[in-house]
Amino acid sequence: MTQETVAATSEAVLDREETISRDELEALQLSRLQHTVAYAYDRVPLYKRKFDEAGVHPTDLRELSDLGKFPFTTKEDLRLEYPFGMFAVPQHEVARIHASSGTTGRATVVGYTKKDLADWAKLVARSLRASGVRPGMKVHNAYGYGLFTGGMGAHAGAEALGCTVIPISGGQTERQITLIQDFKPDAILATPTYLLTIADAMMKQGIDPASTSLKYAVLGAEPWTEEMRHELETTMNIKACDIYGLSEVMGPGVAGEAVETQDGSHIWEDHFRPEIIDAFDPSVVLGDGEHGELVFTSLTKEALPIIRYRTKDLTRLLPGTARPAHRRMGRITGRSDDMIILRGVNLFPSQIEEIALRIPELSPHFQLELTRPEGQRMDQLTVKIERRESVSVEGVASAAKVLQQQIKIHVGSSCAVDVVEPGSLERSNGKLRRIYDMRPKA
């Protein structure tokens, strides 16, 4: 860590809730949790119906472990209650509405009271501060604005921290580069794959990505690996930290990574109670350190309280480090609904990224194509991945063979590898699509 990073970290003034003991935090959680389940039961018809059907009542929650008695909330619940059936306050108290894109089904709609928005901004500010951003810094916000929570959530948090925000949004990569050069921001907020797109575009323009004013990157909205962090930090001469969130729970800022440790995002447990469940047997709540599906219950939300929301994100809970009372999330290995089952083996795009970035000849730009050749019963996975600019066409054959072998060893399934020309695969303008399912529709 540079002296500059140490200095920036030492200047941070933490919220009181970041410094309390684990016992104090759990007492606060229990009080807020008891209020939240009663509030949701009284104000949201879906929760009254689900609790009654499960045979539980808010008064059954006497200790934190009792949360496991209550039913889950799923994305499908939010879709069935479209548009405003999940709201716990009258319409005139809803200060803002966000929604998902609805590309995989009916959109999920979330709402915020003025207090919700203030809490959200505070937690994003807390996350940015943990990641090295400080009051007075210029922050280049390349998250998408609009109904997606990323852009406006990150914007409000940076303003609450006391930063100068440059609201560029996603896309327009050439303009992004111009503004980075002209406005000289200290930090950038983006998805990791879009920051990679910006760095690649800089190099094509003859600009060294390591020469910019950027010192910190706060990256989220998609899973990324330690290998991707190393790629970005080395290429751009920055410190890159994770920020986690999802619209149904709040938006960005549910958890944030500390720049001094870079060992996973601390969940802000004064506002959210996390659990890990067995993704294949949801009735089983797993202990800290065990890998499974992440579940969240909100503790302070007014407009849309959420009880045991199944995120589909696969990770584990670890003890806090930089913020000892708040547990950390391990790296998200994937989403249960993004999992590819190939000849009986479970595979995630993040596994391919981790393996590929250990092979010097191969770039971080790849796609996974699923096909089923005519007349065959078995699916075929092809990894299409770009070679690095510095590698000759002749030098990629051995790299392709190594990638194929390493996937077989570490994932346990065979695949084809197609090393393609630099710049030939689709680039991210926000969230990147990795999986292309080209199998015949049933």
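**Figure 1. Elements lining the second largest pocket of the predicted model.** In this predicted model, helices α9 and α10 and strands β19 and β20 (380–387) each supply at least two residues to the lining of the second largest pocket. Of these elements, α9 gives the most, with 5 residues. By class, the lining divides into 5 nonpolar, 5 polar and 8 charged residues.

Figure 2. Helix α10 spans residues 226–236 and includes glutamate 231. Glutamate 231 has a relative accessibility of 13%; because this value is under the 20% limit, the residue counts as buried. With residues up to four places away in sequence left out, glutamate 231 touches Leu196, Leu357, Pro364 and Arg388.

**Figure 3. The largest cavity.** A search of the whole structure finds 2 cavities of 30 Å³ or more, and the largest has a volume of about 70 Å³. The lining of the largest cavity consists of 5 nonpolar, 4 polar and 3 charged residues. Helix α9 and strand β19 also each supply at least two residues to the lining of the second largest pocket.

**Figure 4. The second largest cavity.** The volume of the second largest cavity is about 60 Å³. Tyr112, Asp116, Asp119, Trp120, Leu123, Met250, His271, Phe272, Thr300 and Lys301 line this cavity. Helix α6 (residues 114–130) gives the most to the lining, with 4 residues. Sorted by class, the lining of the second largest cavity holds 5 nonpolar, 2 polar and 3 charged residues.

Figure 5. Glutamate 26 belongs to helix α3, which covers residues 22–43. The relative accessible area of glutamate 26 is 29%; the residue is therefore classed as partly exposed, since this value falls between the limits of 20% and 50%. Leaving aside residues up to four places away in sequence, glutamate 26 touches Leu64 and Arg273. Glutamate 26 and arginine 273 are 247 residues apart along the chain, and their C-alpha atoms are separated by 9.4 Å.

Figure 6. Cysteine 163 is in no disulfide, and the nearest cysteine sulfur, that of cysteine 241, is 14 Å away. A disulfide requires two cysteine sulfur atoms within 2.5 Å. Cysteine 163 has a relative accessible area of 10%, and cysteine 415 has one of 6%. Cysteine 163 is buried because its value is under 20%, and cysteine 415 is buried because its value is likewise under 20%.

Technical notes. Residues numbered from 1 in each chain as written. Predicted model: local features only at pLDDT ≥ 70, side-chain atom pairs only at ≥ 80, totals over all residues. Heavy atoms only, no water. Buried < 20%, exposed > 50% of the residue type's maximum accessible area, 1.4 Å probe, protein only. Contact = heavy atoms within 4.5 Å. 1 Å grid on protein atoms, 1.4 Å probe; cavity = no way out; pocket = protein on both sides within 12 Å on 5 of 7 lines; lining within 4 Å. Points joined across faces, edges and corners; volume = space filled by probe spheres on them. Nonpolar A, V, L, I, M, F, W, Y, C, P; charged D, E, K, R; others polar.
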